[in-house]
Structures are given as C-alpha cells and as structure tokens.
Amino acid sequence: MSTISLRKLQKSYGAAHVLRDIDLEVEDGAFVVFVGPSGCGKSTLLRMISGLDTPSGGEIFIDGNLVNDVDPKGRGIAMVFQSYALYPHMTVAENMGFGLKIEGRPKEEIQATVGKVAQTLQLEPLLKRMPRDLSGGQRQRVAIGRAIVRDPNVFLFDEPLSNLDAELRIEMRQEIARLHKQLDATMIYVTHDQVEAMTLADKIVVLRAGRVEQVGNPIELYENPANEFVAGFIGSPKMNMFDVTVTDFVDGNTTVAFADGTQIAIPTASSPSSGDRLRCGIRPEHISPQKGGTPFAVEVVERLGHGTYLYGGFLGGEKICLSLPQDYAAAADETIGVAFDRDKARLFDQDGKRVY
Ligand SMILES: Nc1ncnc2c1ncn2[C@@H]1O[C@H](COP(=O)(O)OP(=O)(O)OP(=O)(O)O)[C@@H](O)[C@H]1O
Ligand SMILES: [Mg+2]
C-alpha cells in the first residue's frame with residue numbers, strides 16, 4: 001500500500017501545456033478514477049506517476065518520498081494498458097513471470113508466484129497457451145496478472161476494459177473491485193465509462209484541458225458538481241441545462257424565468273440579485289410527468305428495456321431528456337405535462353461556477 005501526492009505537477013510538450021498545476025492526494029489503499037474528455041491529459045498523468053515520462057515542473061511523492069528522479073522500477077508501481085501489450089511469442093505463464101525473470105528471481109519462486117496469481121484470476125487452465133489463442137477478456141486478465149505478480153504498491157490502469165464487449169466489461173469490472181479489496185493496494189484507474197467511474201471509485205478526479213476541475217466521491221460529484229462542466233460530464237444522459245433570469249427571492253426560494261417566460265421557484269440558501277442571468281441544471285431523472293404540468297413536446301422516444309428516454313423541446317425550445325420507467329406510454333409528437341423536482345435543480349453563473 002502507498003500514498004501518492006502530486007504538487008503543482010506540470011507537463012509541456014514544446015509550447016503545448018498538457019498538465020497545469022495538478023495537486024492531488026491519493027490515500028493509502030484508495031481507488032481513484034481519472035475521467036475527462038479525450039486529450040485532457042489522463043494518460044500523461046499516469047505516465048508521470050509511473051515514471052515512464054518526466055514532468056516539466058512540480059513534484060511527485062510516493063509514501064512521502066520525492067520520486068521525480070526515481071526510475072520506474074524503483075517506484076513500486078505496475079501499469080496495465082488498454083492494449084494488453086503481451087509478448088506474442090511467450091506463453092501466458094512466461095508473460096506473467098517475465099518481470100520477475102528479468103529481476104533475476106529463482107525459477108521455483110517465479111513458478112510459485114505465477115501459479116498463485118493465476119489461481120486468483122482463474123487463469124490456471126490457460127498458463128501454457130499463447131496470447132493469440134486467448135479471448136480479449138482472457139488477455140486482459142493475463143495483463144492484470146502480470147502486474148499483480150510483481151506485487152506492486154500501486155496499480156495504474158489506463159482504460160483497461162475498453163477493448164472488451166459489454167458483458168465481459170461488467171465481469172472484469174467486478175473482478176477489479178474484488179482485486180482491490182483482496183490486494184489492499186492503491187489503484188488509479190482511467191476510464192471513459194461512467195458506470196466504471198461511479199462504481200469503482202472512492203474518489204473521482206475530473207480533468208479538463210490539463211487541470212483538475214473537481215475531486216470527490218462519486219455521489220458527491222453527481223449531487224453537488226462544483227461547476228457546469230462537471231455537472232455535464234458526470235451522469236448519462238447529461239444534466240439538462242437552461243438559460244434563466246432571476247426575477248425574485250422570497251422565503252428561501254429564488255424564482256427564475258425560462259426562455260419562454262415560465263417562472264419556477266427553486267430553493268436556494270441565499271438570494272441572487274434580481275436580473276442575474278444564470279444557468280439552471282436539472283437531471284433527466286428529476287423531471288417527471290404531471291397532469292397539468294409544464295408542456296413538454298416529445299420528439300423522440302428511446303426504449304432501452306430497463307427504462308425509457310424522452311427527448312424534446314421544453315420551456316421555449318431547449319432540447320432536454322427525461323428518464324422514465326420502461327413501461328411509460330409516450331409517443332413521438334405528443335405533448336405531455338411535466339414538473340421538475342425543484343430541490344434537485346442546480347444553478348450556475350455565466351462562468352459555469354455553481355452558485356446554488
Ligand atoms: N509526446 C507528445 N508530444 C506532444 N503532445 C503530446 C504527447 N503526448 C501527448 N500529447 C498531447 O497531450 C494531450 C494529452 O494527452 P493524453 O494522452 O494524456 O490524453 P488522454 O486524456 O489520455 O486522452 P484519451 O482519453 O484520448 O486517451 C493531448 O493533446 C496529446 O495530443
Ligand atoms: Mg489516454
């Protein structure tokens with residue numbers, strides 16, 4: 001187990017600033033997930049921590065020791081990539097034991113360690129196979145096994161499941177959660193998958209253009225995003241967003257007017273100024289059908305089996321999404337009345353910062 005601290009970490013390639021002033025504390029044994037749009041610097045950040053690449057500025061501490069000048073081998077870290085990067089000419093057992101072999105460990109020790117890890121990952125029947133004779137999920141298990149064999153203090157995963165089909169992803173997601181408990185290791189995990197981020201993380205780090213936008217536990221980020229970017233990034237389908245103008249504040253309720261003039265009172269802790277232009281966010285599951293409610297013009301109905309999404313124009317033309325039970329009867333081109341859960345509405349200023 002290990003702690004990791006990043007202080008003002010920077011990375012530039014020429015004039016391109018890829019990471020800017022990253023400060024982050026990863027506690028001993030934590031499961032931290034990095035999310036963010038493509039190109040925001042997630043893989044670069046993992047490579048800095050692993051030592052595969054050097055920072056342009058700032059400091060990296062592992063267990064309180066500055067490791068900027070420590071080479072990858074000396075950091076006690078193992079990295080698992082999206083492309084499994086197995087050696088094609090070696091068997092599963094040889095792939096898994098290779099790290100120990102180059103460390104010069106005795107053959108018997110390597111065999112015993114590989115055997116034990118293979119058991120954990122149900123790879124025993126496959127030890128003599130070549131990577132080409134494995135399925136994608138099996139290859140990924142071998143790649144994870146190869147990392148575990150080295151008994152690292154920290155695991156770094158860069159989108160390890162994105163090449164797998166949906167069913168295998170779910171299986172491997174649970175496998176990784178189980179390994180985290182069993183190995184008691186610190187894990188940092190990069191993913192584009194909302195479900196992986198929400199279910200695996202103790203702490204999610206949302207990155208955008210090389211900066212940390214917010215750090216928090218999954219539900220905290222979902223319920224209380226610090227800004228419009230995080231609000232839109234965490235959650236699928238996305239939070240619906242509206243331009244609104246503040247008209248009134250009475251008894252802890254701020255009344256805002258939407259584009260079509262509809263006024264809705266939203267509970268807020270303090271009063272914004274009348275006339276303030278804000279953005280109002282409300283998640284798809286917090287808008288529900290109500291007889292006599294605000295008209296919502298259904299344009300598209302998506303039936304997913306476990307639920308139904310309705311898309312259409314609302315409150316003066318804004319396109320929104322509603323998430324409803326699967327048996328909800330609605331047809332495209334129908335107009336229904338809806339109401340939203342006012343306690344769940346979030347307000348942001350023009351710069352995207354959360355204000356209420
Ligand atoms: N060696 C390099 N030279 C120049 N620019 C680079 C280099 N490596 C990465 N970059 C740039 O740094 C930025 C961050 O890249 P990185 O691979 O960390 O993104 P990412 O968040 O992992 O994206 P993805 O989700 O697509 O994997 C990108 O704009 C990328 O083009
Ligand atoms: Mg990447």
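1. Basis of the note. This is a predicted model, in which local features need pLDDT of at least 70, side-chain atom pairs count only at pLDDT 80 or more, and totals for chains, interfaces and linings use all residues. Residues are numbered from 1 along each chain as its sequence is written, chains are lettered from A and ligands numbered from 1 in the order in which they are written, and side-chain values use heavy atoms, with hydrogens and water left out.

2. Overall picture. The protein has eight helices and 19 strands; these are DSSP runs numbered from the N terminus, helices being H or I of at least four residues and strands E of at least two. The C-alpha trace spans about 75 × 45 × 35 Å along its principal axes. Of the 356 residues, 49% are buried, where buried means under 20% relative accessible area, exposed over 50%, and partly exposed in between (1.4 Å probe, protein chains only).

3. Four strands form an open sheet in the order 17-16-15-18, with antiparallel pairing; two strands pair if DSSP finds at least two bridges between them. Strand 17 (318-324) and strand 18 (335-340) each have a single partner strand, so one side of each is left without a neighbour in the sheet. Strand 16 (residues 308-314) runs antiparallel to strand 17 and is joined to strand 17 by seven bridges. Leu 310 has Leu 322, in strand 17, as its bridge partner.

4. Nonpolar cores. A nonpolar core is a set of buried Ala, Val, Leu, Ile, Met, Phe, Trp, Tyr and Cys residues joined through side-chain atoms within 4.5 Å. The largest has 46 residues, of which Met 96, Ile 144, Tyr 189, Ile 204, Val 206 and Ile 234 touch the most other members. Helix 4 (residues 136-149) gives the most to this core, with six residues. Apart from it lies another core, of 27 residues, including Ile 22, Leu 45, Ile 77 and Val 190.

5. A buried leucine. Leu 278 is placed in strand 14 (residues 277-282) and is buried, with a relative accessible area of 5%. Leaving aside neighbours within four places in sequence, the residues in contact with Leu 278 include Phe 242, Val 244, Leu 347 and Val 355; contact means heavy atoms within 4.5 Å. Leu 278 and Ala 257 are 21 residues apart in sequence and 9.9 Å apart in space, C-alpha to C-alpha.
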